[in-house]
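Please follow this explanation with the model open beside the text.

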Amino acid sequence: MTGTAGAAEQKLRQWVDTYARLHSGDDTWPGDRPRGRPGRCFEEASRYADAVGATYVEGFVLVADAPLMFPVFEHAWCLTAQGTVADTTIPDGGALLYLGVPLHAAFRRAAQARRHTWAALTYDPDNLQADVNDAVLKAGLPPGALALPNTPAPPPGEPGPLAQEVP
């Protein structure tokens with residue numbers, strides 16, 4: 001293939017190859033703390049992030065052994081300082097792919113407090129009255145809400161710079 005079609009195919013192959021490398025692999029738990037309770041991913045990922053300084057991520061996960069109707073679902077996990085997945089609730093090798101938004105600790109804590117739920121952006125099965133974060137869906141994330149590389153998290157109990165800006 002040549003020309004525009006060839007360039008497009010090459011770009012698509014690069015994109016697919018990049019995302020293929022983002023899967024969790026066979027070992028997503030660093031073993032530095034006990035595993036979390038299944039079904040409580042938002043709470044467990046939040047607690048883990050606060051305990052070890054990992055980055056909380058909220059998004060979707062693709063799992064291998066889920067019923068055919070639910071192979072992708074809303075989920076929360078953490079990223080270590082090395083950028084690897086630390087999933088508190090899905091057993092090693094159970095997740096095929098993660099796609100999510102890394103959230104700054106101050107934004108996450110303030111959104112959870114305002115919404116009275118462990119999930120910062122989405123539904124939380126432990127508090128279905130919380131619904132989704134409509135303010136973020138309508139207006140987008142406020143400046144500084146994303147956990148960018150080399151952005152230190154404030155210590156637990158300190159609201160951080162985004163507490164007043166959280167929708």
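His116 is found in the loop between helix H3 (105-115) and helix H4 (134-139). The model is a predicted one, and the description that follows should be read as an account of that prediction. Just after H3, His116 adopts a positive phi of about 55°, although His116 is not a glycine. Is this residue buried or exposed? Its relative accessible area is 63%, and because exposed means over 50%, His116 counts as exposed.

The wider fold may now be considered. The protein chain holds four helices and four strands, and from the N terminus on its elements run α-α-β-β-β-β-α-α. The four strands form an open sheet in the order S3-S2-S1-S4, with antiparallel pairing. At the edges are strand S3 (85-86) and S4, each of which pairs on one side only. Helix H2 (residues 41-52) packs on the sheet and touches S1, S2 and S3; the direction of H2 makes about 10° with that of S2. Within the sheet, strand S1 (residues 55-63) pairs with S2 in the antiparallel sense over eight bridges. Val61 stands opposite Phe73 in S2. In general, strands of a sheet pair through backbone hydrogen bonds, in either a parallel or an antiparallel arrangement.

The loop between H2 and S1 is the place of Ala54. Ala54 is buried, with a relative accessible area of 12%. Which residues does Ala54 touch, not counting residues up to four places away in sequence? Its contacts are Tyr48, Ala49, Cys78 and Leu79. Ala54 and Ala86 are 32 residues apart in sequence, yet their C-alpha atoms are 8.5 Å apart in space.

Aromatic side chains come next. A search of the whole structure finds one aromatic pair. Trp77 and Tyr98 form this pair, which is tilted, with 4.8 Å centre to centre and 55° between the planes. Trp77 lies in strand S2 (residues 72-79) and Tyr98 in strand S4 (residues 95-103), so the pair ties together parts that are 21 residues apart in sequence. Trp77 has a relative accessibility of 3% and counts as buried; Tyr98, at 7%, counts as buried as well.

Finally, some totals describe the chain as a whole. Of the 167 residues of the protein chain, 38% count as buried. Among contacts between residues at least 6 apart in sequence, 60% join residues at least 24 apart. The accessible surface of the protein chain comes to about 9,900 Å², and 59% of that surface belongs to carbon and sulfur atoms.

Terms used:
Residues are numbered from 1 along each chain as its sequence is written. This is a predicted model: local features need pLDDT of at least 70, side-chain atom pairs count only at pLDDT 80 or more; totals for chains, interfaces and linings use all residues. Side-chain values use heavy atoms; hydrogens and water are left out. Rings of Phe, Tyr and Trp (its six-membered ring) pair if their centres lie within 6.5 Å; planes under 30 degrees apart count as stacked, over 60 as edge-to-face and the rest as tilted. Helices (H or I, at least four residues) and strands (E, at least two) are DSSP runs, numbered from the N terminus. Buried means under 20% relative accessible area, exposed over 50%, partly exposed in between (1.4 Å probe, protein chains only). Two strands pair if DSSP finds at least two bridges between them. Contact means heavy atoms within 4.5 Å. Axes are lines fitted to C-alpha atoms, for helices over the stretch in contact, and angles run from 0 to 180 degrees between N-to-C directions. Accessible areas come from the Shrake-Rupley method with a 1.4 Å probe; for residues, only the protein chains shown count as cover.
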